[in-house]
Amino acid sequence: MNTLAGKHLVLGLSGGIACYKAAELCRALVKAGASVQVVMTEAAEHFMTAVTMQALSGRTVYTSQWDAREANNMAHINLSREADAIVVAPASADFLAKLLHGRADDLLSLMCLARPIESVPLLVAPAMNREMWANPATQRNVAQLKADGVHVLDVGQGDQACGETGDGRMLEAAEILEDLQAFFAPKLLAGKAVLVTAGPTYEAIDPVRGITNLSSGKMGFAIARAARQAGAEVTVIAGPVSLATPRGVRRIDVRSAQDMFNAVQAQVAQAQIFIATAAVADWRPDTQADQKIKKDGSGQTPQLAFIENPDILARVAQSERAQKGALFCVGFAAESHDLLAHATAKRLRKQVPLLVGNIGPSTFGQDDNALLLVDAKGATELPRASKQDLADDLMAEIARRL
Ligand code: CTP
C-alpha cells in the first residue's frame, strides 16, 4: 500500500557510511509521494554532502540549530511540528546513545527531543559495526529506546565497510521504504495469522524434466505483503518462484503440489485466514523416473500417465475449522473465459466464502491485474490496477467479511 503519498517526513542523517543509502531512501520517499525535509548532523556531512540531499529532496537541508533562516530561530520546533514522522537513517551508535539520554546538543537530537511525542513518531534505522551493535551498551540503549516508544527498525546482516561480516548494517533503502509503508498502513488484520499459497508447482517426470505453469507468484507475494502491512502474522508457502520475500513474512519453499499440500496441512491450524493463490498442478505423472529418461533411437515417445493431485483449497475449506467459521478461506480462479460463471461455480464447488476470479493468461507474470470478487451476495469488480494495490484492496474486503 502506498501509505506515504502526501506524508511529510523529516529524514535525519547521523554519521556513518550508510549515509549513501539515505540518499537512495530520500529519492524513493519522494517518488512514493512524500515530502522530505532532510536534517543532517555534522558527522553525517563527512559522509554525504548537504547539496546531494538538497537535490534529492528538493528542499534546503538543515544542519544547525543556529540556522538563522527560521524567523523565530527555532528550526527544532518548526521542523518537528510539520512532520508526520521523523526517520533517522542512518542512526549511529552514538546517536542512539544520545537519544536515550535526551541529549540535545545538535539540531537533529534537539528536534527528536522537542517533537510532540504523541503525534510525531520517531523511527530509527541503526547502522554500525557488528561489535558496536552487539555491545551490551548498544543493546541496552535499543531496548530502552523501544520502551520509550521509539520505533527501532531491524538491522541488516552481511559485509560491513570495516571488512567484518555480521549484524549491524543499515537496512537497504527499499527495505526501509517497505517498513515505512507498513508503519503507516491501517492495521486491519492485527492479531490475525494469514497463510498464503503462491506461485506454480513443479511435477517431476525425471530428475531433469517436469511439468509446471506460467504463474509468477507475484499476486500471492503481493497479498502476503499486504497482509503483513495490515498487521497480520503471515506465512507464504511458495512454489518455485524467483521473487524476494516481503519484509516480515515467513516463507516456506516447496516444489510439488504434494509438498505444498503437506506444508499447508502442517501450518493451517495456526491460521485464521487461508488465501490460496497458487496455480497448483492438477495432475502429476504417476511415476517419477530416478534417472533421466533417454531417447533410445527408435523414435518412440515415453508414455506418461497422470494421477490427480490433492485439491489443497477444497480440503482446507471443508475442514471443521473452516466450516465452523474459525478459518476464513479465499480461493482464486484463473480462467480463460466466462469468468463470472466459472468463478461462481468454483466457489460453490470448493465451498469457500470468497472466490477471486481473474483472466489467467493475460495476468501471469504481469505487474497488474483486474479481479472479480465472488461471494454469497454476488460479484464485485476490482478494476485493473497494480497487483500490490489490488492486494491491499483485497485485505480490506477480507477484513470487512471477518
Ligand atoms: N487449488 C488448490 N489445489 C489444487 C488445485 C487448485 O489449492 N490442487 C486452488 C488454487 O490455489 C485456487 C483454486 O483452487 O485458489 C482454483 O484453482 P483452479 O486450478 O483454477 O481450479 P480447478 O479446481 O483446478 O478447476 P479447473 O482447472 O477446472 O479450472
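Predicted model: local features only at pLDDT ≥ 70, side-chain atom pairs only at ≥ 80, totals over all residues.
Residues are numbered from 1 along each chain as its sequence is written, and side-chain values use heavy atoms, with hydrogens and water left out.

**The cavity**

- A search of the whole structure finds one cavity of 30 Å³ or more, where a cavity is a set of points, on a 1 Å grid over the protein atoms alone, at which a 1.4 Å probe fits but cannot get out, and lining residues have an atom within 4 Å of a point.
- The largest cavity has a volume of about 60 Å³, a volume being the space filled by probe spheres set on grid points that are joined across faces, edges and corners.
- Helix 9 (218-229) and helix 15 (387-401) are the elements that give two or more residues to the lining of the largest cavity; helices (H or I, at least four residues) and strands (E, at least two) are DSSP runs, numbered from the N terminus.
- The lining of the largest cavity divides into seven nonpolar residues, one polar and one charged, where Ala, Val, Leu, Ile, Met, Phe, Trp, Tyr, Cys and Pro count as nonpolar, Asp, Glu, Lys and Arg as charged, and the others, Gly among them, as polar.

- About 910 Å³ of space lies in the largest pocket, a pocket being an open set of points with protein on both sides within 12 Å along at least five of seven lines.
- Of the 39 residues that line the largest pocket, A278, A279, V280, D282 and F332 are the closest to its centre.
- The ligand takes up the space of the largest pocket, and a molecule is said to sit in a pocket if more than half of its atoms lie within 2 Å of the grid points.
- The ligand is surrounded by 14 residues, of which A276, A278, F332, K346 and K350 are the closest; a residue counts as near if one of its heavy atoms lies within 4 Å.
- Oxygen atoms of the ligand lie 2.6 Å from a backbone N or O atom of A278, 2.9 Å from an N or O atom in the side chain of D282, and 2.8 Å from a polar backbone atom of F332.
- Taken alone the ligand exposes 570 Å², of which the protein buries 79%, with accessible areas from the Shrake-Rupley method and a 1.4 Å probe.

**The second largest pocket**

- The second largest pocket has a volume of about 430 Å³, and of the 17 residues that line this pocket, L153, D179, A182, F183 and R228 are the closest to its centre.
- Helix 8 (173-184) gives the largest share of this lining, four residues, and the lining of the second largest pocket has six nonpolar, four polar and seven charged residues.

**Backbone details**

- Most residues other than glycine have a negative phi, and most peptide bonds are trans.
- The peptide bond from A89 to P90 is cis, with omega near 5°, and P90 lies in strand 3 (residues 85-91).
- D338, a residue other than glycine, has a positive phi near 45° and lies in the loop between strand 16 and helix 13.

Notes:
Polar contact = N/O pair within 3.5 Å; in protein donor to acceptor, adjacent residues only side chain to side chain.
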